[in-house]
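Here are a few friendly notes to read alongside the model.

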Amino acid sequence: MHKVVILGARFGGSATAYWLHNLFRRRHLDITVVDQWTMMTYRPALVTAAAAHPRLADNWHIAMQRRCEQAGQRFVRDSIFRIDPQKQQVHLASHPPLPYDTLFVATGSDPGWQTIPGLGADSGGVCEDYLARQTGDHVQRPFRSIAFAIGPLAQAPQDRPRVSGSLDLPAFEVSFLLDAWLRKQGRRSGVTMTVVTPAPVPGEAFGPKSSAFLLRELSRRHIDLITNARYARVESGAIHFADRKPLYAEKMMWVPPYHGSKLLRVSGLDDGYGWFPADQYGVHREWPNIYGVGDVSSTALPKLGHIAMMQARTAVHHFYALQRHGTPTPFRPYVLHVVWLGRGKGMLTMSNWLYGGGRELMHVGVSSALAKAAFDYGYKVFSGWMPVMP
Amino acid sequence: MGTTVGIMGAGMVAALAVSVLIIMWGARFLAHRAEHLLGSSARTSLMELFYTLQAWSGREIVLTLRRAESGKPAEHPMGSPVASPPLLDQVAFDPATFLPSHSPHTRDIRLGTEIGPRSPRPLRLSLPVLIAPMGYGIGLSADTKVALAQVSSVAGSAASSGEGPYLPEERAYAQRWILQWSKGPWNHSRAVIQLADMVEIHLGQGAEAEIAVHKNRRLPRRLNRMAGQQSIVIHSGIPRSFTRLLPYLRRVNPQIPIGVKIPASQHVEADLAVLAALSVDFITLDGSEAGSAGSPAVISDHFGIPTAVAVKRARDWMNRHQVRHISLIASGGAKGAADIAKLLALGADAVDVGSALLFALSHGQLAKFVPSFPQGPSALVFADSKAHPHPQLDIGQAVLHASRWFEATAQELRVILQALGLDTARDLSRSALIARTSQAASLLELPTAEHPPATGRLTQQVASLAQEYQRLLPSLELQFSLLQSRHHA
């Protein structure tokens, strides 16, 4: 039987497991999913926890091991240490090496906390359950100023398109949600809020309409914005920049810098900058039996769950086409995202502007927020394997 | 009529007799249960409270829970306890007044420290507090380990594997992860060593000295599966290949600090001499106050020297031999910021904290135990087999409370440093301490309130000189006798 190993069981890995289950019969593939967590944290929902509702951070765990095992797939709970592409083996921390015929790498990007001096997970964050919970707990207490800072994205120089920030959307979402919550509490006038981004505009991956709306919204809510940020160092209560005065903030919430994957570096599978060098089908440039899916891939821009799910679909369909001598369809990316605005509203953007297209659909209102809520709850209820997958 | 009264009277007598019998039987039953409780394992019954209250004063518990609740420095009325206090409580701080007067007392105070400064990637901590090694399965449950790993990341501290097997979630959540290299049947693969940010070779610990530990009851199924057997033995002590182990670990992961944990003994200086010769990056001294999930009482209650004394003697030895590159970690008995600051002042670079964190973790969740009488609250955090159902730890709540404990502790450390007129935790030294009792004065060579510092210092110097001379005397006599024998030959 053909041995398929999926590394990672978050957005990309889970969608890969779904498509393999959906396209192939059980007897054709021996599928193993490896992850260090048996429970997936649904990260897009963590912004609500960071906005003064810390207990919500523990409401978004999905039993991914059970999901995979119900579908007849094997789940190995372990840390992935190294990939040996020549011997076609994955080395794990506490299990024997795992052989594969085809490998899907969906382990995501490592947070590069240490790439900015003084920055650490203890500075505050939102991208993991414990960080969002901690931020949510901190902002419930009295404070006078808060910075929502976005780390840079360390792309390879040749990568196109170019994106400056690791992922700016959670920072905007938390700032809007917290603004709404503080107003409800009657505390907003005593708090200075600042969003800091390395990008030239807010929502850099969306397009001009969405960026203009976000600018207006920030201004309307008296949330300051610092663009083109070049970080020098971080210390308790202050962010220092290379080319401007420091920003003093009592509380901080960081989306950390993304600088690729240590696993790929250790395995010699990266593009020299820590990213998976993928072609338009997600196939590795040197190893045709290795696919890269989601944040880890150099072509996953911006680093959104929706992009990871689309890449998983492309990669597994390519693998299926090879097995069946069919014609695969290349990855045609577009951004689809809803930014929470608070008070039951959202900003929905569907755009291919980042990839050179000219389309950007934007809608602001309750229906956008309802669509996001429906997707979030649908993802949770179906454990990531929804009846309709992007 | 008379017959009815007679029947009622007889009925009442019978009811009374039955009641007396029930009371007697109940008393006997209760006595039997109490006897059984006294003889049952303290690890799994309410008897653990007895031992907890022996080791912890109610004051410390309430203060710890208060910190976990509020995230602020804890306060309490009614003064401080003085009756039979632990050694660290026999020491006070010397407040800054005109001296030291070099800087104002309200500046930004830094708590950061690093372990193993000579290694290419030292372990950098936001505050000089480490989460004590407590192993998965043999000590703590997986949920507790995960919670502690999350706490370590948000607090800027480090989590440790303890002697238990590798837990992937723990490594994933901890930004800084210490591998404790024990003689257990796991964690020896190159991959695990390379995933670590620091390796601590476990040669022994305060509560167990260097004996082997047997675990065969109440183990999670996963642990048995990993060990491949129902009974687990973790040997302690110095392995035969110890001198080769250190270079091996350095070869596998040359970037990180590698050190050794030993129980604090009366011959601590000799141990340090051996370890310094092996060029370890840090040494953890586990004092006699240190606890564990289950150790023989004859060891944990009757072996070793107090952590404070061990740290003081170790720092003295390191100063005398100009050993500056080895970090010293104090372990055992630290309950809060005051104890941590005192151990730092006595010479530690960082302090392990275990029990206080378990208290903080379980805060707000102990009410789950009210209906289940025979179970002690530690069932919330300790590992157990599925055959013994117990309430599950709410990880989110546990992390919030333990993180607040860290925040409160950091603030309290800053308050102490502020009152001492110091800028950083590294500036803490023995000159900041005063002995409250003659026992502390003699054990820790600290001045007391009766002796002004100058007199105290001179007395200390003379006493220290006399001690050194006494240590030197046997070797001089030996050399003299050798010379004499050579001369006669």
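1. How many salt bridges does the rule find across the interface of domain 1 of chain A and domain 2 of chain A? The rule finds 1 there, a salt bridge being a side-chain nitrogen of Lys or Arg within 4 Å of a carboxyl oxygen of Asp or Glu. In chain A, the side chains of R10(A) and E128(A) form a salt bridge, at 3.0 Å from N to O.

2. A word on the source: this is a predicted model, in which local features need pLDDT of at least 70 and side-chain atom pairs count only at pLDDT 80 or more, while totals for chains, interfaces and linings use all residues. Residues are numbered from 1 along each chain as its sequence is written, chains are lettered from A, and side-chain values use heavy atoms, without hydrogens and water.

3. The contact (heavy atoms within 4.5 Å) takes 18 residues from domain 1 of chain A and 25 residues from domain 2 of chain A.

4. Between them the two domains of chain A bury about 1,700 Å², 65% of it on carbon and sulfur atoms; buried area is the accessible area (1.4 Å probe) that two parts lose on being put together, summed over both. L301(A), L304(A) and H306(A) supply 31% of the area that domain 1 of chain A buries against domain 2 of chain A, more than any other three residues.
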